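Please keep the sequence and the coordinates open beside the text while reading.

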Amino acid sequence: MNRIDNTLNKEGKLLSIYFTAGHPNLNDTVDIILKLQESGVDMIEIGLPFSDPLADGPTIQDSSTVAIKNGMNTNVLFEQLNGIRNRVSIPLIIMGYFNPILQFGVEEFCKKCNQVGIDGLIIPDLPIDYYEENYKSIFKKYKIYNMFLIAPQTSDERIKKIDSISDGFIYMVSSSSITGSKESFSSKQLEYFERINKMNLKTPRITGFGVGNKDTFNAAVNYSKGAIIGSAFIKNLESNGLKSIERFIKNIRI
Amino acid sequence: MKYTVDKKGFYGKYGGAFVPEMLFPNLDELEKNYNKIINDKEFQNDYNNLLRDYVGRPTPLFFAERLSEKYKCKIYLKREDLCHTGAHKINNTIGQILLAKRLGKKRIIAETGAGQHGVATATVCALKGIECVIYMGAVDIKRQAPNVARMKMLGASVVAAESGSKTLKDATNEAIRDWINNPITTHYIIGSVVGPHPYPDMVAKFQSIVSEEIKAQLLEKENTQNPNYLLANIGGGSNAAGLYYNYLENENVKIISVEAAGEGVKSGKSAATSVLGKTGIIHGSKTLLMQTNDGQIIEPYSISAGLDYPGVGPLHAHLLESKRAEFMSITDSDAMLAGLEVSKLEGIIPAIETAHAFAAFKYLDFKTNDIVVVNFSGRGDKDLDTYIEYFNL
């Protein structure tokens with residue numbers, strides 16, 4: 001059991017927020033995390049920026065480009081997160097592409113996560129089989145959860161496999177698409193949510209991609225334990241700054 | 001079989017498919033079908049007929065007498081520049097369009113840097129009447145206006161990649177994103193032996209016709225199938241993969257891969273991946289790539305747009321690591337001079353990519369009886385502006 005499980009065991013639906021570390025300004029990371037916690041967010045995904053984020057739309061790509069230009073990198077992020085556990089009690093997850101983690105060293109990365117109090121990782125381009133063969137024991141050793149994605153085209157067989165090896169939650173990608181908010185979900189997406197719901201998976205699901213406002217949040221959590229908002233949060237941060245975080249969260253949660 | 005891809009999609013420690021889950025079904029469908037389709041008799045007939053009647057294969061193997069005299073060995077040129085559209089790229093796009101049709105795909109996407117692969121893709125889409133979308137960096141669209149016009153004439157939509165550095169690697173990212181957004185209807189024609197498994201192997205197989213023809217041609221001319229050396233320029237490495245493919249397991253045939261040093265390996269403006277690269281993940285493949293210590297991908301540089309890719313295909317990373325291939329880095333200025341020399345000695349103006357391979361000769365020491373086959377990967381028409389500017393022609 002780690003903080004992620006405790007949060008997933010809570011009553012009610014969970015709101016998780018993704019932001020890119022080092023954006024809009026290099027040293028905003030801790031302030032954003034504190035404001036999100038104060039605003040009542042249940043979980044946070046801290047984005048480790050990558051130059052070539054394949055699964056992301058323009059908002060997250062641009063924020064990553066800015067963050068890297070600002071000087072964000074793996075060492076800087078861990079320095080910023082040092083001591084965060086004295087002030088933050090909700091689960092913290094790092095979401096990032098595999099190459100920067102590979103260059104840092106997977107074991108060293110997990111060790112650092114453990115030291116600063118990161119609970120889990122989401123690495124969209126690390127395949128399940130490769131993880132199981134090469135890194136699973138390292139993640140276990142440092143008690144770091146690894147969360148996997150499923151998408152509309154993922155076969156039932158593969159979803160069952162992912163369910164069987166998942167820690168924490170399954171990241172349910174809402175559509176066959178890259179990240180970026182949409183106004184609403186299509187009937188096809190709702191059918192997919194329904195289909196997965198009926199599979200009775202043991203692992204709770206958190207929905208992400210295309211969730212950006214109160215309506216899409218409410219629709220997503222009808223079929224899952226919670227939802228993740230990324231691009232819409234980043235856009236708001238860009239336009240209205242850190243002081244607008246509380247209002248942004250309230251507007252989702254009303 | 002030390003140099004072919006293993007069951008998991010790796011060449012030694014390089015390769016694999018490091019892609020987001022959303023792409024898993026696309027690649028799974030390809031992986032389950034590509035060998036079956038390629039080995040199908042009817043497919044092979046269609047492929048070979050198009051290569052013969054449309055592309056103009058077999059391309060000649062030409063004994064370059066004056067170059068041979070100058071560099072004191074027997075130099076043969078595999079004339080891929082004579083292929084329809086002017087380079088080897090079309091061998092792959094012909095194969096992939098036939099494969100896409102058999103998979104029932106209705107739409108084709110591709111990335112392009114200088115536009116050669118984009119033109120080769122738009123060409124086969126026109127031939128087969130399939131919708132075609134080409135992603136090209138916004139910076140490259142400005143630099144390569146004639147190829148953009150060609151693609152448009154051929155009926156393709158050209159979409160500018162505005163993200164990141166707005167060049168080839170970003171065009172590739174955008175094409176991959178399109179594929180994530182359109183998983184069922186669309187086939188992605190990657191232009192080189194890069195990207196996630198099974199692309200490196202599939203593209204190498206479609207280019208392997210190059211070395212298959214050389215075996216027969218050399219037997220006729222030199223009474224042996226095997227040259228002493230194979231020499232190719234390498235960016236992602238598709239023309240090189242085609243030249244080497246049928247010789248990989250025969251270690252008596254030595255392999256020299258020539259990459260672009262740009263303004264010099266240590267100048268900070270280079271594409272010399274074999275020297276500057278470290279193992280990492282780019283476009284879904286574990287391979288050698290140019291990156292910062294933090295794992296951010298570095299924008300490469302070469303005067304030749306076809307060689308400025310920040311990585312090499314995983315096969316080539318494996319050939320380097322296992323010492324099966326020797327790598328050389330050639331600067332812009334050496335390549336440009338070699339382009340001029342080949343034009344004057346043999347009457348063939350090479351693409352600047354191809355010129356890199358010829359620039360290697362002055363640094364190499366061959367025996368007079370050595371047979372050296374160079375892949376003449378492309379013609380220089382597309383590079384005339386660069387030649388004009390460089391030599392004040």
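## The contact of chain A with chain B

In this predicted model, the contact draws on 31 residues from chain A and 26 residues from chain B. On the side of chain A that touches chain B, at least two residues each are supplied by helix 3 (58–70), helix 5 (98–104) and strand 6 (149–150) of chain A. Of the elements of chain A, helix 5 gives the most to this side, with 5 residues.

By class, the residues on the side of chain A that touches chain B divide into 18 nonpolar, 11 polar and 2 charged.

## Chain A as a whole

The secondary structure of chain A amounts to 13 helices and 9 strands. Taken along the principal axes, the C-alpha atoms of chain A fill a box of roughly 45 × 45 × 35 Å. Chain A has a radius of gyration of 17 Å, which agrees with the value near 18 Å that a compact globule would have with 254 residues.

## Helix 3 against helix 12 in chain A

Helix 3 of chain A, which also supplies at least two residues to the side that touches chain B, packs with helix 12 (residues 231–240) of chain A at an angle of about 55°, and the axes of the two helices are 9 Å apart. The crossing in which helix 3 of chain A passes helix 12 of chain A is left-handed.

From helix 3 of chain A, the contact is made by A:T59, A:I60 and A:S63, and from helix 12 of chain A by A:S231, A:I234 and A:K235. Sorted by class, the residues of this contact between helix 3 and helix 12 of chain A comprise 2 nonpolar, 3 polar and 1 charged.

## The two domains of chain B

Chain B is divided into domain 1, which covers 11–50 + 89–203, and domain 2, which covers 56–87 + 208–391. The C-alpha centres of these two domains of chain B lie 22 Å apart, and 34 residues of domain 1 are in contact with 34 residues of domain 2.

On the side of domain 1 of chain B that touches domain 2, two or more residues each come from strand 2 (14–15), helix 4 (89–102), helix 5 (116–128), helix 8 (168–181) and helix 9 (199–207) of chain B. The residues on that side of domain 1 of chain B are 16 nonpolar, 15 polar and 3 charged.

Terms used. Residues are numbered from 1 along each chain as its sequence is written. Chains are lettered from A and ligands numbered from 1 in the order in which they are written. This is a predicted model: local features need pLDDT of at least 70, side-chain atom pairs count only at pLDDT 80 or more; totals for chains, interfaces and linings use all residues. Two residues are in contact if their C-beta atoms, placed from the backbone, lie within 7 Å. Helices (H or I, at least four residues) and strands (E, at least two) are DSSP runs, numbered from the N terminus. Ala, Val, Leu, Ile, Met, Phe, Trp, Tyr, Cys and Pro count as nonpolar, Asp, Glu, Lys and Arg as charged, and the others, Gly among them, as polar. Axes are lines fitted to C-alpha atoms, for helices over the stretch in contact, and angles run from 0 to 180 degrees between N-to-C directions. A crossing is left-handed if the near helix is turned anticlockwise from the far one by less than a right angle, and right-handed if clockwise. Domain bounds come from an automatic or database domain assignment. The radius of gyration is taken over C-alpha atoms; the globule rule is 2.2 Å times the number of residues to the power 0.38.
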